[in-house]
2 protein chains.
Amino acid sequence: MGNFDSIMKKIKNDSVKVGIIGLGYVGLPLAVSFAKKGIEVLGFEKSTKKADAVNAGKNYIGDIRDEDFVAVVGSGKLSATTDFTRLRECDAAIICVPTPLDKFKKPDMSYIAASCEEIGKCMKSGTFISLESTTYPTTTEDFMKPIIERESGMREGVDFWLCFSPERVDPGNKQYKTENTPKVIGGLGDEAQKIALALYGKAIRELYPVSSPRAAEMVKILENTYRLVNISLINELALLAGKMDINIWEVIEAAKSKPFGFQAFYPGPGIGGHCIPLDPFYLEYIAKGFNFDLTMINAAGNINNLMPYRIMNKIMYALNRQGKAMNGSMILFLGVAYKPDIDDARESPALLVMEQVARKGATVLYHDPYIPEATDEHGHRYVSVELTDKAIADADCVVITTNHECFDVDRIVAKARLVVDTRNAVKRVHIEGDKVFKL
Amino acid sequence: MGNFDSIMKKIKNDSVKVGIIGLGYVGLPLAVSFAKKGIEVLGFEKSTKKADAVNAGKNYIGDIRDEDFVAVVGSGKLSATTDFTRLRECDAAIICVPTPLDKFKKPDMSYIAASCEEIGKCMKSGTFISLESTTYPTTTEDFMKPIIERESGMREGVDFWLCFSPERVDPGNKQYKTENTPKVIGGLGDEAQKIALALYGKAIRELYPVSSPRAAEMVKILENTYRLVNISLINELALLAGKMDINIWEVIEAAKSKPFGFQAFYPGPGIGGHCIPLDPFYLEYIAKGFNFDLTMINAAGNINNLMPYRIMNKIMYALNRQGKAMNGSMILFLGVAYKPDIDDARESPALLVMEQVARKGATVLYHDPYIPEATDEHGHRYVSVELTDKAIADADCVVITTNHECFDVDRIVAKARLVVDTRNAVKRVHIEGDKVFKL
């Protein structure tokens, strides 16, 4: 039996063994989804701590239900290892590693490259390889394939197959999880596509096949570029609205009453998380290779980059109204998670604002029930303080940077001397009360 | 009884008389909506032809049902006049005139100004005045109010009331018409807001009150800026995708499979119609008065402005593949309406492309079943030709510029020598067949 028939048969009778590289917020939920359907999954992690946690049945991802996790580890369907040579046990390898940007907004492909090298060195003939990490179009064909062929001495389409299938994980989303979010599938060639559809079909309810890996790569970038551009647009309009004595939050709610052709986005101190501030810049990077300048992404990026400074200015203006300089003031930030009700502070704009405010001589404190401690870009470490009445009243200014549901906004406004609200947490139409300043 | 109590009583017992200034695609449907509910409407038009048509019961707006129109004219509830002194008969005046941009993208406020002058000269004390024309925030308070006070010698809030309530007409929309599209209401002051809600509530099913005219003005601009920015973004990505051998249409359809956080927009030869290419630039205009540069709108405007030239280039590249120069070729454009299945060619990008192609020496023809003749920006007049097999086969290139449902695309592709498809009318994934070139 040839490689193709062999893997298709294993998928059909649930004897396929899936390796998942990277057990973070993408890889681990996917691993659980396969394991729940009776597919054996071996997770690969550089972090011994994470691998040990998985093997001990200790769930560390909020979007996975603990009982599901315990069940699949208990049944032996899910285990983890730090030994990448065990890739040779797997029929399929799914890469779920991060693709950060470096300080110069150049994609850092080192995690994908390392995964491809490990796979190339260790895999057996007939392995199906899928990349889920967001990256620029052409990565699967022009970046991954040469590394794997070089390391393995095998040939794509004959000895192994390639696919790109973007993760669409929205941390904290109550309705859409890995299993019920439609998944875009871009196999390289017909056989890869057939294997991909058969394999992912085991774990994911709805698949959306496209004609190539590069189309699938572009899909993910389009989704997140759309979000970056629209958040940046509303941030820019919010700044103008402030000058024109218009409450942008009221305007957005009213625009939402249009039953067609509008989707609401909200302003804030900048854009955080692992996707929206990064993904569009992969595309900007590769576009330059095609002598193409993406002016919309560029403009959006500039607005986003400036927001922490604009918020710092707003805080300074608010203090100034009360006759205070920022230098020497005590500023309490509420929320450093990049969105409400999650425990993730990656790329959090709150930290960027805190850093700027500290540079201007203020004493900076923060409270976030989900983030006990946080470190800014320059390594300064902050520890969350308790949100006592005294802490609120002692601060010269309280800045609401994340709109966690658990914040008692009425109490905060009542106790505070001055509030700068960057998230419309204080539901009032008029922009500036005596002590509440809104973005 | 004071002015306020008097108009509120008239609204309550349906004896209020409403004047509507401008009987175009906004004013006439609104007039019919009021008249259908038994409110007497007097329409004001500069065009004798339009006023006569209304009085003869001849409907000229596609979104109005003929039987509704005949009924309200027949019952005497709707009539029209060119005599603006008859504004004194009205208790309310609703302005539905155009606000174009001049060649330098400066808002042309002359229609609004003229309407305000007529109202100021003719109105009786106690008139409620509402503006529906899209315009920059602050227009109602800072532009309209002084003109009306000057011309009338009356005082806003005492002798007359002001309101801004943006039209949301989407020509050709089968589901949402004037009556069932929620309407944003921004009265200036409490009395104006109460009158506005009572009056519009007679004709419109759902009202959405906001705190001020300027908020209402901003709502409309936000809605259409959102559309301009997103169409421009996808146009820019489409141009890049073409260079990267990615079919942007396939990518958009796949991105739509994401069940949250995405709304699809489609590329094309540019943005047409009376709203989206114009409205954001009102905001850009007023923003400059606040020393504010709207970089997203600016970038979006640039992309949109360049699209007709990019499409002209695509046509030239396509001809070049077949060894032909544009100079001396015959090019047949299909569709000059700015969107499918409507009879409106205002700001149509097709005409801009046609103009550029003609300048390069091509013979330009077009066919559009909805637009028997069309005139480009420089006054060149075109007449729609019949879409015979011979006309298709004779053209060196057929360019699909509007995706009218009635176009038989299979037949067009079969008969044509070369097709440039700017609207994904030809449903194929791969970008370039032997003779089909896609945007």
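This is a predicted model: local features need pLDDT of at least 70, side-chain atom pairs count only at pLDDT 80 or more; totals for chains, interfaces and linings use all residues.
Trainee: What rotation superposes chain A on chain B?
Mentor: A rotation of 180°, with 0.0 Å of shift along its axis. The RMSD is 0.0 Å. That is the relation of a two-fold axis. The same surface serves both copies, too: 100% of the contact residues of chain A recur in chain B.

Trainee: How many residues does the contact take from each chain?
Mentor: 54 residues from chain A and 54 residues from chain B.

Trainee: Which element gives the most on the chain A side?
Mentor: α8(A), with 17 residues. The elements of chain A that each supply at least two residues there are α8 (213–243), α9 (248–255) and α11 (295–321).

Trainee: How do the residues on that side divide into nonpolar, polar and charged?
Mentor: On the side of chain A that touches chain B, 33 are nonpolar, 12 polar and 9 charged.

Trainee: Is Thr138(A) buried or exposed?
Mentor: Buried, because Thr138(A) has 20 C-beta neighbours inside 10 Å. The cut-off for buried is 20 or more.

Trainee: And over in chain B, what is phi of Asn291(B)?
Mentor: Near 55°, again positive in a residue other than glycine. Asn291(B) lies in the loop between α10 (279–289) and α11 (295–321) of chain B.

Trainee: Buried or exposed, that Asn291(B)?
Mentor: Exposed, with 7 other C-beta atoms within 10 Å. Exposed means 12 or fewer.

Notes. Residues are numbered from 1 along each chain as its sequence is written. Chains are lettered from A and ligands numbered from 1 in the order in which they are written. Copies are superposed by least squares on the C-alpha atoms of residues with pLDDT of at least 70 in both. Two residues are in contact if their C-beta atoms, placed from the backbone, lie within 7 Å. Helices (H or I, at least four residues) and strands (E, at least two) are DSSP runs, numbered from the N terminus. Ala, Val, Leu, Ile, Met, Phe, Trp, Tyr, Cys and Pro count as nonpolar, Asp, Glu, Lys and Arg as charged, and the others, Gly among them, as polar.
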